[in-house]
Amino acid sequence: MTSLRGATSPSLTPWPTADYRSRRWTQSVAVREQQFDSSNPAMSFPCLDAQEAKSASLSTRSMSSGPEPSYTTGQHENFHCKTPLLLDWGGVLPEFDVAYETWGTLNADKSNAILLHTGLSASSHAHSTPTNPKNGWWEKFIGPGAPLDTNKYYIICTNVIGGCYGSTGPSSIDPSDSKRYATRFPILTIEDMVRAQFRLLDSLGIQKLHASVGSSMGGMLSLASGVLFPERMGRLVSISGCARSHPYSIAMRHTQRQVLMMDPNWQRGFYYDSIPPHHGMKLAREIATVTYRSGPEWENRFGRKRADPSKQPALCPDFLIETYLDHAGEKFCLEYDANSLLYVSKAMDLFDLGYAHQVATRARRVQNQKRMVLGSMERNGASCSLALPDKPYEEQPATLSSLTPMNEPATDDSADGPPQDLIRGMSPLKDHPVLVMGVASDILFPAWQQREIAETLRAAGNQNVEHVELGEDISLFGHDTFLLDLENIGGRVGKFLG
Ligand SMILES: CC(=O)SCCNC(=O)CCNC(=O)[C@H](O)C(C)(C)COP(=O)(O)OP(=O)(O)OC[C@H]1O[C@@H](n2cnc3c(N)ncnc32)[C@H](O)[C@@H]1OP(=O)(O)O
Ligand SMILES: N[C@@H](CCO)C(=O)O
């Protein structure tokens, strides 16, 4: 028997090198190696074969409609706003849509409305409707007698701007040239999303909300609604949210954006007429799923089990936890627009209710407002010019104690307690009843961030703060607990709303 490495054909590179361009090429090398009777058989890669088959099938879709899927979860209401929306970082939406759905009945004085905010990837479809009977993402949490009780309240859920389920986002048409925005869509903040939602409330004649409720990014949106429009806010619920994004969560979203942007099909965002970056989306969702659940849950659920222990170990998904992540990525990769993921997750990174940040944003808005009124908004004036420096970044001198204990919030004050900057920034909420819920097994929006919200509000003088932390004895579902635990999450929310 002749080993391949000892008998390289002049026309055949003995082992894949950096030169090889496509997986097809690699496959053909593997096949030829087998023919040359290698010491061991070449591996097969069903996971890569499946990805290639998917690309091939996407490329055969009608080019007239574009292979890009239509991101819709079905029928919803649409609010079209013709008044331009100035965004926090200087971008402008000349007009925009907000997709929304409602449940329950708005009472005569319009005082029973609850604005329900979504997490990153959800649509306005929180509950089934007569026109869209598909279960919503909070199906069991909404309804007669449910935590969001439709016998009492009028529930409104919107798709955020920047999203892809009917509200204006990167996959929408730019009215200026009738082409999709793609990455000509401006940088967006959580507060921008809130301003768009309040334009919708204006159009519905709702002056003051009974409550604002949100989880994950929805928790950010809920808190931001109260800070921006305190006089229009009744009660407020934030579940697994935060007052400002912390570096670990930014890091986890960064890695998702990077794998997505490195997919050649992403094409710097201009992929709408060709194959969408489904490889990058799949990988991004796998990373996201790692942050949404918890190790202890998977310990119980999958342990070290392999999908098929009778087979040789594979480099493609093999352990049950691997096939689970693979499935989660596969399920999501064409369900959500890649550019929306980039913009919405960046908005989450930028979130900061600190006072200094709010002051800087206000000043920038005043300047941009003037320019917008004068019509002198430069095209691309607000585009990103950040480039990496020639010399690597140097570690900045620590402004905080470098010895902040693990699992404790870093503070920017020497005194104990929440940072003064955050207390001042959140002080518009000092008189509102607030429920803050967190989950000990959440690694993305950890329990300390929920304590930080509650302690900050209390330090601002709020005596109506309820803080609930679900321990690991109650939930191992991590960040996604808010989607799964009707009894403990829903139960507390229902009690708080009354
Ligand atoms: C408020 C918001 O903004 S979030 C919006 C809601 N988010 C979504 O809907 C995103 C997609 N969905 C999810 O992330 C999850 O389904 C949740 C969080 C909604 C629900 O989680 P769970 O009910 O625990 O479902 P789980 O995460 O366990 O996944 C179950 C799926 O994995 C599959 N699965 C389970 N174990 C394995 C395994 N070892 N290998 C392969 N597949 C597996 C199941 O067959 C099931 O498949 P299906 O969904 O195609 O029927
Ligand atoms: N699983 C949720 C978590 C983030 O809210 C989502 O997909 O949006």
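Predicted model: local features only at pLDDT ≥ 70, side-chain atom pairs only at ≥ 80, totals over all residues.
First, the conventions. Residues are numbered from 1 along each chain as its sequence is written, and chains are lettered from A and ligands numbered from 1 in written order. Local features need pLDDT of at least 70, side-chain atom pairs count only at pLDDT 80 or more, totals for chains, interfaces and linings use all residues, and side-chain values use heavy atoms, without hydrogens and water.

Now the sheet. Eight strands form an open sheet with mixed pairing, in the order E1-E4-E8-E5-E11-E12-E13-E14. Strands here are DSSP runs (E, at least two residues; helices are H or I, at least four), numbered from the N terminus, and two strands pair if DSSP finds at least two bridges between them. Strands E1 (77-81) and E14 (465-470) are at the edges with a single partner strand each, so one side of each has no neighbour in the sheet. The partner of E14 is E13, residues 434-439, paired in the parallel sense over six bridges. In that pairing, Gly438 has Glu469 of E14 as its bridge partner.

On to ligand 2. The residues around ligand 2, with a heavy atom within 4 Å, include Gly119, Ser121, Arg285 and Phe482. Helix H6 (278-292) and helix H13 (481-484) each supply at least two residues of this shell.

Which atom of ligand 2 does Asp480 approach? A polar side-chain atom of Asp480 lies 2.8 Å from a nitrogen atom of the ligand. Ser216 has a side-chain N or O atom 2.9 Å from a ligand oxygen, while for Leu120 a backbone N or O atom lies 3.5 Å from an oxygen atom of ligand 2.

Key
Polar contact = N/O pair within 3.5 Å; in protein donor to acceptor, adjacent residues only side chain to side chain.
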